[in-house]
Amino acid sequence: MTVTRWLAEHAWLPDRPGPTADVLIETDGGRITAVAPLSADGAPTAGVEVLADAVRLPGLTLPGLANAHSHAFHRALRGRTQGADGGRGDFWSWRDRMYEVAARLDPDGYLALARAAYAELALAGITCVGEFHYLHHGPDGTGYADPNAMGAALIEAAAQAGIRLTLLDTLYLTATVDGAPLAGPQRRFGDGDVDGWSDRHDRLTAAQRGRPHARIGAALHSVRAVPADQIAPFAARNEGVPLHVHLSEQPAENDACRAAYGCTPTRLLADRGALTPATTAVHATHLTSADVTLLGGARAGVCLCPTTERDLADGIGPARRLADAGVALSLGSDSHAVVDPFEEARAVELDERLRTRRRGHFAPAELLAAATTAGHAALGWADAGRLAVGARADLVTVRLDTARTAGVPPVGAFFAATAADVASVVVDGRQVVADGRHLTVDVPAELRAAIGAVTR
């Protein structure tokens, strides 16, 4: 293996409230093998040699950022739901537009779109993505010759974009809480029952072995899409595996769940064994106080997606209350309406300010943890998200000399920087982005072509 030494002008090391100046980071075989802050006089820490061939990283170097909730095909919708009607409507009217795109994708088209979307994530400093995947079959519900052709396209897309992937293979059985059958574009989401999903999922898991950049998790789409009697067997079959679920994204979902089962979606999941430390609830926007207590008691995680929740007028989730209850918060881009992990992170704090009309709910280090360690852990990559010996060699460097960041102290990066300020991205020791450009994908050109193919 080739040893590489990186000299970071500033680096955010674990368990520190802010960045450290002049840090030498050594990587070998995709792992960090040494981290050495230099002393104030510029001399290296004992036992570490600063070599002339060290790669300089001007700006602020962070651990790799994790996007814990993605629907890659939604990237084709960006800017297309804000039309002549002024973008009026709600989540449910937006969903109809989303289904139109879902109906047009095939494995080749999905590979092209996801490759471009994941390369855009890399440009933003994201080194690992959790793809909440339910486009399993053909548009009419008929399976492809390879029942996991669509999932395989996503795994290959991540490889070509140079990032890691946890494919959250999703159980999706019904159209509504009351059990209405899947119809129209939704037919391609379904596997019939938990056994049908398990058979396909097991084949997917076996097929991806030997692809070290990818792992297979599981997802229960929502209480709308999975009947109550299917939740417990699904949870039991996925014990210890990253298990994600859309939870209480809309008040209408809560109302329908109470009408059908006499309880909130959170209570329904808890009573059926689907709330565990391996569970990540996505959105968790409209929770009761009892729901927050249940999530904290289960040591479950919550993935917030502030830019999508804002775009869809979903509402603001109880982030601080969740964190105080012991819930690990992570971040996701969800619909890809915005791909900017800095915007997602600062929105966690800024949305709390809007709700309470007070400042200072989350320290910068807490926002960093949500964007890094918590996100990677939610996706099953507990060895990523820290600039520490033994961790995966993921280095994301943000410029501090742009119009947005000039004069900003490094600790203020999450409140000033944008994805456009990311200059360098290293994933598992391999540079994927340099000077703000993806090294293998022409991201704008490929996005235009792939989106044009499914929207024209």
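How many disulfides does the structure hold? The count is zero. Keep in mind while you look around that this is a predicted model.

**Stop 1: the cysteines**

A disulfide needs a pair of cysteine sulfur atoms within 2.5 Å. C263 has a relative accessibility of 15%, so it counts as buried.

Now select C305 and C303. The nearest cysteine sulfur to C305 is that of C303, at 4.1 Å, and C305 is in no disulfide. C305 has 0% relative accessibility and therefore counts as buried.

**Stop 2: the whole chain**

Zoom out and show the protein chain as a cartoon. Its secondary structure comes to 15 helices and 16 strands. The radius of gyration is 22 Å, close to the 23 Å that the globule rule gives for 456 residues, so the chain is as compact as a globular protein of that length. Along the principal axes, the C-alpha atoms fill a box of roughly 70 × 50 × 45 Å.

Of the 456 residues in the chain, 57% are buried. Among contacts with a separation of 6 or more, 74% are between residues 24 or more positions apart.

Switch to a surface view. The accessible surface of the chain is about 17300 Å², and carbon and sulfur atoms account for 52% of that area. Then colour by charge: there are 43 positive and 53 negative side chains, and the centres of these two sets lie 2 Å apart.

**Stop 3**

Most residues other than glycine have a negative phi. The next two selections have a positive one.

Select H336. This residue is in the loop between β12 (328-331) and α11 (341-356). H336 is not a glycine, yet its phi is positive, at about 60 degrees. Is H336 buried or exposed? With 0% relative accessibility, H336 counts as buried.

Go on to R357, in the loop between α11 and α12 (364-371). R357 also is not a glycine and has a positive phi of about 60 degrees. At 79% relative accessibility, R357 counts as exposed.

**Stop 3: F234 in a helix**

Select helix α5, residues 228-237, and find F234 in it. F234 counts as buried because its relative accessibility is 0%. Which residues does F234 touch, leaving out those up to four places away in sequence? They are L171, V194, W197, A218, A219, L220 and L243. Show their side chains together with that of F234 to see these contacts.

Next, draw a distance from F234 to A434. The two are 200 residues apart in sequence, and their C-alpha atoms are 43 Å apart in space.

**Stop 4: G385 in a loop**

Finish at G385, in the loop between α13 (373-378) and β13 (395-398). Its relative accessibility is 5%, so G385 counts as buried. Leaving out residues up to four places away in sequence, G385 touches P63, G64, T372, T373 and H376.

What separation do their C-alpha atoms have? It is 9.6 Å, although G385 and C128 are 257 residues apart along the chain.

How values were computed: Residues are numbered from 1 along each chain as its sequence is written. This is a predicted model: local features need pLDDT of at least 70, side-chain atom pairs count only at pLDDT 80 or more; totals for chains, interfaces and linings use all residues. Side-chain values use heavy atoms; hydrogens and water are left out. Buried means under 20% relative accessible area, exposed over 50%, partly exposed in between (1.4 Å probe, protein chains only). Helices (H or I, at least four residues) and strands (E, at least two) are DSSP runs, numbered from the N terminus. The radius of gyration is taken over C-alpha atoms; the globule rule is 2.2 Å times the number of residues to the power 0.38. Contact means heavy atoms within 4.5 Å. Accessible areas come from the Shrake-Rupley method with a 1.4 Å probe; for residues, only the protein chains shown count as cover. Lys and Arg count as positive and Asp and Glu as negative; His and the chain ends are not counted. The place of a charge is taken as NZ of Lys, CZ of Arg, CG of Asp or CD of Glu.
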